[in-house]
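Let's take a walk through a protein together, one piece at a time. Have a look at the structure first, and then read on.

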Amino acid sequence: MKDERFEEIRHDYQTIPIPAELRERVTAAMEEAKTELASSASGKCNSASLIGGQKRRGVFSWRKFLLRTAGVAAAAMLAITIMANSSESIAYAMSNVPILKSIVRIVTFREYNHSNEEMEANLKIPTVSIEDENGQPVENATAQLNHQIEDYTNQIIEAYQNDVKASGGEGAQSVSLDYEVVTDNDRLFTLRFNQSIVMASGTELVKIYNLDKTTGNLLKLEDLFQEGSDYITAISDSIKSQMKSQMAADESVSYFYQTDVPETDFSQITGEENFYISDSGKLTLVFDEYTVAPGYMGVVEFEIPTEAIQGIAADGFVK
């Protein structure tokens, strides 16, 4: 599939038509140069000065031809640039050629471990390295992602340490954090953190980072959609439809949807939800425990059918 898409992009690029006017100018310049060269070569003279002059005229003709051809070629390139900016399909084909074939690696990880009476914490914190196709580090993208991970995990550690201090050694709490690579393909690298907090009861939380390998930027949900599109409504409607059908099919399934307490009902997403795109190209939204369902449901996920967001999704992400 990847090879077919590359061939399609290359074909679109190579078959960009040159305007008829420019084609005519190229042809005319070539014909004129041929005529001048033929004319300069037709007269035969034994005079060294004439021969030298003839050579100079020949050189001049070739220079003139090359200058004219270069000018036409430059105009043709300008025309291609204008066409690429004005034609949606051509612009997409050219922009979709990867500018950064990056490789993302988990190069190391550190652990935060603490135990005090009934208080315990065990965190695994990865360090990520992003390299270009030549194996050279992409420093800005690497620093950006590692900084985000550090901020997130530091907040968890700080909250735990505050709880230890506040409990005076008499509290009971267990905090754990682990990670997994959800997606790693030509376009995306997705790193997921799963956090568990156990006190009187347990709470499960998720944090997901999505890296666009072609730009080195971290993605927000809105980045997956065309500018100005109402992706909030489209995704929310799909989730509510799934909630309704799942509850109808299984009485043990429950969501905050059309409940006896309307103010707690799920109405729509905020756009800040955790999400990932699977290797098969399916967008999935992930909700923390208690966010859209009772605690016993744990972390819940909703895969959004491609047809539900067809027409508003940006190219290159969902399939």
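This is a predicted model: local features need pLDDT of at least 70, side-chain atom pairs count only at pLDDT 80 or more; totals for chains, interfaces and linings use all residues.

Start with the helix α5, which covers residues 139–167.

Now look at which side chains of the helix are hidden. Among the buried residues of α5 are A141, L145, I149, Y152, I156 and Y160. An α-helix has 3.6 residues a turn, so residues three or four places apart point the same way. The cover over the buried residues of α5 includes the strands β1, β2, β3, β4, β5 and β6.

One of these strands, β4, spans residues 188–198 and holds Q195. Is Q195 buried or exposed? Its relative accessibility is 9%, and buried means under 20%, so Q195 counts as buried. Beyond its close neighbours in sequence, Q195 is in contact with Y152 and I156, as well as V175, S176, L177, T203, E204 and L205.

Finally, visit the second largest pocket, with a volume of about 450 Å³. It is lined by 17 residues, and K207, I208, L219, K220 and E272 are the closest to its centre. Here α5 turns up again, giving two or more residues to the lining, as do β5 and β7. The most come from β5, with four residues. By type, the lining has eight nonpolar, four polar and five charged residues.

Notes. Residues are numbered from 1 along each chain as its sequence is written. Side-chain values use heavy atoms; hydrogens and water are left out. On a 1 Å grid over the protein atoms alone, a cavity is a set of points where a 1.4 Å probe fits but cannot get out, and a pocket is an open set with protein on both sides within 12 Å along at least five of seven lines; lining residues have an atom within 4 Å of a point. Grid points are joined across faces, edges and corners, and a volume is the space filled by probe spheres set on the points. Ala, Val, Leu, Ile, Met, Phe, Trp, Tyr, Cys and Pro count as nonpolar, Asp, Glu, Lys and Arg as charged, and the others, Gly among them, as polar. Buried means under 20% relative accessible area, exposed over 50%, partly exposed in between (1.4 Å probe, protein chains only). Contact means heavy atoms within 4.5 Å.
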